[in-house]
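Hello,

Here is the structure I promised to pass on to you. Have a look at it first, and then read my notes below.

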Amino acid sequence: MSTATLLDAPVVPVFVGGKFTPHQAEEYQSVFNPSTGELIGRTPLLGAEHVDAAVEAAAKAFESWSRTSYTKRTGIFFRFKELMEREFDALAQLVTRENGKTLDEARGDVRRGVECVEFAAGISHLAKGEFLPQLAEHIDGQTSREPIGVCAGITPFNFPAMVPLWMFPLAIACGNTYVLKPSEKVPLTAIRLAELLREAGLPDGVFNIVQGGREVVDALCTHPKVVALSFVGSTAVARHVYALGCSHGKRVQSAGGAKNVLLVMPDAEPDSTLRAIMGSAFGCAGQRCMAGSVLMGVGEVADALRDRVVGAMDALKIDDTSANPQAEMGPVIDAGSQSRLRDLIGQGEKGGAKLVRDGRKLDRDRGFFVGPTLFDEVEPGMKVFRDELFGPALTMLRPKTLDEAIRIMGTISYGNGASIFTTSGGAARQFIREMPAGMIGVNVGVPAAPALFSFSGWNHSFFGDLHVMGVEGVKFYTRQKMVLSRWDSTYKRTQGW
Ligand code: NAD
């Protein structure tokens with residue numbers, strides 16, 4: 001019989017000034033393998049003094065890092081990419097172990113992260129300024145983009161590799177130094193990335209990690225030496241971080257929750273549409289900020305669509321993702337999430353939605369599983385339509401026309417993603433023009449912006465101006481300097497002072 005207790009699990013270290021240190025704390029967050037419920041680590045919920053130590057290390061490193069040549073900076077990120085490729089499978093396995101997503105999904109998580117590193121390695125081109133000779137007689141104008149200082153990132157549990165990699169490679173490539181606070185539920189992948197970044201030759205103090213929860217977040221939002229904050233997580237916390245950070249004079253980009261729509265027109269191609277819907281709604285057990293969670297079957301397609309979706313749901317292989325690479329859907333992140341979803345399913349049923357498949361019925365003896373769930377005949381006023389569910393649950397509506405569907409979708413308070421499935425260019429164009437969401441898919445189930453673009457959530461899915469990644473990310477992590485110079489061949493000192 002196992003005698004392992006909470007205290008046997010290793011304490012997750014911080015990474016400050018180039019050193020990994022497992023500090024003790026009064027409270028810990030347990031890190032589980034969600035497939036089995038096995039305890040694999042303890043995240044210390046540290047206090048403001050640890051934020052201070054990390055920010056001081058970053059501020060000290062900024063003095064030399066901000067002057068480091070672009071050649072040297074990009075060289076480090078090319079090496080970091082090579083190391084991530086070398087460790088690709090191990091990183092994916094670590095993501096699966098601490099997050100529970102399938103190995104294929106974990107590979108996607110790491111691959112999207114590698115693409116962010118590739119983007120950051122192109123910083124010399126991205127950060128180039130402009131030059132206009134002779135803008136007035138003998139006067140030249142030029143701009144450059146300059147680093148801003150110590151930046152901080154706060155990340156959610158659902159993408160342990162990709163979301164931190166949206167942030168720190170670009171910030172650091174721009175010449176800034178960084179403090180990351182990963183999700184206390186999945187802190188292990190970030191630690192491995194820090195080891196690889198150190199191996200790639202990043203000087204001590206340029207990248208730091210502090211472990212913790214709310215106290216660390218608030219300390220980062222208010223620390224006088226933190227100049228910029230990137231947040232990704234739920235809308236309530238995104239709003240809090242945005243307000244607190246802004247009121248302390250920081251630039252903040254704060255991405256929140258979502259409620260994404262998958263709209264199927266009667267003329268959609270059935271097989272590819274079904275594959276896209278299943279991947280979007282049940283991939284990562286529905287725990288993606290771009291997961292499709294509202295299914296709209298427009299007009300006469302609704303019955304056939306529902307039947308095919310139900311058939312595919314019933315065929316999904318749900319299993320321990322860390323033991324079975326064939327698993328097609330894994331668990332949700334923890335017991336709290338499992339019971340929250342079970343409650344929401346109960347509330348949806350009481351609220352009048354027709355429960356076609358009930359994820360509460362999935363019976364497994366361990367791990368935090370919720371089965372795929374489908375509500376049909378959902379109405380716009382219902383809680384299951386309004387709220388982000390963030391789990392393997394799809395809510396289906398049956399608008400009669402595209403116009404009616406677009407009107408209903410306009411009532412959703414979030415604005416990350418919306419996809420249409422159709423073979424009609426006219427319908428696609430109307431959808432693109434009229435949907436109030438920042439990322440639109442046409443015959444694509446997860447229209448998440450890749451690294452070359454900015455992740456452009458709207459409405460309650462984003463607070464701020466410049467989004468994460470892409471050229472907006474470069475602007476967010478730099479400030480512009482404008483130089484006017486007057487020179488002509490006769491310009492010389494003609495008299496002494
Ligand atoms: P969360 O908001 O609970 O946690 C995110 C981060 O905020 C964590 O690091 C956590 O420690 C911290 N935090 C939590 N509560 C806090 C509080 N009261 N005060 C200060 N800090 C706090 O989110 P989560 O459960 O880890 O992730 C899921 C959410 O993230 C979903 O809503 C999902 O839609 C969203 N998400 C959004 C995007 C996007 O780009 N818009 C991407 C991924 C995830």
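**Patches on the surface**

A patch of negative charge sits on the surface, where Glu26, Glu27, Glu49, Asp52 and Glu215 gather. Asp and Glu count as negative here and Lys and Arg as positive, while His and the chain ends are not counted. A charge is placed at NZ of Lys, CZ of Arg, CG of Asp or CD of Glu. Patches are built from residues with over 30% relative accessible area and no salt bridge, joining like charges within 9 Å and nonpolar side chains (Val, Leu, Ile, Met, Phe, Trp, Tyr) within 5 Å. Accessible areas come from the Shrake-Rupley method with a 1.4 Å probe, and for residues only the protein chains shown count as cover.

Before going on, please note that this is a predicted model, in which local features need pLDDT of at least 70 and side-chain atom pairs count only at pLDDT 80 or more, whereas totals for chains, interfaces and linings use all residues. Residues are numbered from 1 along each chain as its sequence is written, and side-chain values use heavy atoms, leaving out hydrogens and water.

Asp52, from the negative patch, belongs to helix H1 (residues 48-65); helices (H or I, at least four residues) and strands (E, at least two) are DSSP runs numbered from the N terminus. Asp52 is partly exposed because its relative accessibility is 35%, given that buried means under 20% relative accessible area, exposed over 50%, and partly exposed in between (1.4 Å probe, protein chains only).

There is also a nonpolar patch on the surface, formed by Leu132, Leu135, Met482 and Leu484, with about 410 Å² of accessible area together. Strands E5 and E20 (478-486) each supply at least two of its residues. Leu135 lies in E5 and is partly exposed at 43%.

**The chain as a whole**

The protein chain has 16 helices and 20 strands. Its radius of gyration is 24 Å, close to the 23 Å that the globule rule gives for 497 residues, so the chain is as compact as a globular protein of that length. That radius is taken over C-alpha atoms, and the rule is 2.2 Å times the number of residues to the power 0.38. Buried residues make up 57% of the 497.

**Salt bridges**

Side chains of opposite charge can pair when their charged atoms come close. Counting a salt bridge as a side-chain nitrogen of Lys or Arg within 4 Å of a carboxyl oxygen of Asp or Glu, the total is 29.

Which residue does Asp89 form a salt bridge with? The partner is Arg107, with the closest N and O atoms 3.8 Å apart. This pair links distant parts of the chain, as Asp89 is in helix H3 (residues 88-99) and Arg107, 18 residues apart from it, in helix H4 (residues 103-120). Arg107 also meets Asp104 in a salt bridge (3.0 Å, N to O). Asp104 and Arg107 are three residues apart in H4, so about one helical turn separates them. Asp104 is exposed at 58%, whereas Arg107 is partly exposed at 31%.

**Two positive phi values**

His138 has a positive phi, near 70°, although it is not a glycine. His138 sits in the loop between strand E5 (131-136) and strand E6 (139-147). Met469 has a phi near 75°, again positive in a residue other than glycine, and is buried at 4% relative accessibility.

Best wishes
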